[in-house]
Amino acid sequence: MKLLVTGGAGFIGSNFVHYILKTHPTDEIVNIDALTYAGNLENLTDIRDNSRHVFVHGDITSTRDVNRLFREHRFDAVLNFAAESHVDRSLHMGPREFIKTNIMGTQILLDAARKHKVPRFLQVSTDEVYGSLGPTGAFTEETPIQPNNPYSATKAGADFMVRAAQHSHGLDAVITRCSNNFGPYQFPEKLIPLMISNALADKPLPVYGDGLHVRDWIYVMDHCSGIDTVLRKGKSGEVYNLGGNYDVPNIEIVKGILKILGKPKSLISYVKDRPGHDRRYAMDNTRAKTELGWEPAHRFEDALKETVNWYVANKTWWDRIRSGEYLKAYDKMYGWREKGDKGVQG
Ligand code: NAD
Ligand code: DAU
């Protein structure tokens, strides 16, 4: 297959590119990424000379960039990972870029896929579109869409545009909705890499609110195998939930990281809560399991240890990110926190 991967210099996209090159020896990938603050060509250094992977610096919100790609290549599938992905940014820096990339960018890709009769479109979506759960139960694909923050609202908007393209125009399209990922190459603004890198630097670990918000954690390679399964076996028009079967309060994750690193719990610093913070996510994977035979394969504890070791071994990767321009943006974004409560310090 020849795949168009968007956002393949980001965390999950770059892991997916590696996954496909390894598991499908004849597949080819064209990878378009705008290289925003979250895109990093260092995530792709080891496959620089791989003739089955072509990187294109381009923007999915540019019809010119997108149309040029579709004219030059005949794709068997489009996989849309490209997005503004950080909830805090959508809350504190404003939703403009989220609306542009997550909704407009998706629509531009859908239009191109229709025009060029691409046989399959896969939208990489999120459990956040379902909103927040009460103390029991789990999200199924039939759970009403009730996004609670600007990021998840734009992801929900994109899901609806994909649904409309499939329903009204007959585009072959599938949607995956996944829970919280962790693993190598995750930008250190997200909980797990932020806590690892802060702990390694003996900086405070900023836990929002009471630390009892629950997320369902999945190792990124399991997400990649889920997307790959849906790509090849999923039914057009369907949504597939992908979760890690590991839903625990944030504070447990933070304590687990400190334990692996042998760092003291005194580094934990409870800070002001995220506005509108969703209390609990948990995924019901029944459809992906029973209809497609997919299940996450990694044990959380092993994958977390492996991830911590990756960050220990790749300090130069995250050190570069946590200096310079990014630090300024981080300070601006978290200005609402009390002094001394910032997660990252220079
Ligand atoms: P990320 O922020 O690490 O990467 C996003 C990538 O998209 C970056 O490389 C960035 O440069 C690129 N990009 C942004 N705007 C672009 C544009 N206009 N044109 C081209 N490229 C652009 O995000 P991630 O965590 O890897 O998430 C990837 C996808 O998976 C997103 O769609 C996200 O909503 C979804 N998702 C993420 C998680 C998670 O836990 N991280 C869980 C479920 C779903
Ligand atoms: O659920 C899937 C979603 O997971 C994806 O769609 C998003 O792209 C991805 O960013 C992630 O969203 P979250 O908001 O859940 O991830 P984040 O890592 O920002 O936060 C995870 C939890 O940890 C959340 O309850 C907020 C909390 N948190 C986060 C940060 C950054 C803290 O307590 N302290 C922090 O400093």
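Let us start with helix 1 (residues 11-23) and helix 7 (residues 220-233), whose axes come within 9 Å and cross at roughly 65°. That makes helix 1 roughly perpendicular to helix 7; angles of 65 to 115 degrees count as roughly perpendicular, under 35 as roughly parallel, over 145 as roughly antiparallel, and the rest as oblique. Keep in mind that this is a predicted model, in which local features need pLDDT of at least 70 and side-chain atom pairs count only at pLDDT 80 or more, while totals for chains, interfaces and linings use all residues. Residues are numbered from 1 along each chain as its sequence is written, chains are lettered from A and ligands numbered from 1 in the order in which they are written, and side-chain values use heavy atoms, with hydrogens and water left out.

Helices are DSSP runs of H or I with at least four residues, numbered from the N terminus. Axes are lines fitted to C-alpha atoms, for helices over the stretch in contact, and angles run from 0 to 180 degrees between N-to-C directions.

Helix 1 passes helix 7 in a right-handed crossing, meaning that the near helix is turned clockwise from the far one by less than a right angle. On the helix 1 side, F11, I12, N15, F16, Y19 and I20 take part, and they meet V220, M221, H223, C224, S225, I227, D228 and R232 in helix 7; contact means heavy atoms within 4.5 Å. The residues of this contact divide into nine nonpolar, three polar and two charged. In this scheme Ala, Val, Leu, Ile, Met, Phe, Trp, Tyr, Cys and Pro count as nonpolar, Asp, Glu, Lys and Arg as charged, and the others, Gly among them, as polar.

Now turn to helix 2 (residues 63-72) and helix 4 (residues 96-115), which pack at an angle of about 30° with their axes 10 Å apart. Helix 2 and helix 4 are therefore roughly parallel to each other. T63, V66, N67 and F70 in helix 2 meet I108, L109, A112 and A113 in helix 4, a contact with six nonpolar, two polar and no charged residues.

The crossing of helix 8 and helix 10 is right-handed.

The ligands come next. Of the 29 residues around ligand 1, I12, D33, S85, Y151 and K155 come nearest; a residue is near a molecule if one of its heavy atoms lies within 4 Å of it. Polar contacts, pairs of N or O atoms within 3.5 Å, can be followed here too. A polar side-chain atom of Y151 lies 2.6 Å from an oxygen atom of ligand 1, and a polar side-chain atom of T101 lies 3.0 Å from a nitrogen atom of ligand 1. F11 has a backbone N or O atom 3.1 Å from an oxygen atom of ligand 1.

Ligand 2 is surrounded by 24 residues, the closest being T126, D127, Y151, R274 and H277. An N or O atom in the side chain of H277 is 2.7 Å from an oxygen atom of ligand 2. For P206, a backbone N or O atom lies 2.7 Å from a nitrogen atom of ligand 2.

Methods:
Helix = DSSP H or I, 4+ residues; strand = E, 2+ residues; numbered from the N terminus. Polar contact = N/O pair within 3.5 Å; in protein donor to acceptor, adjacent residues only side chain to side chain.
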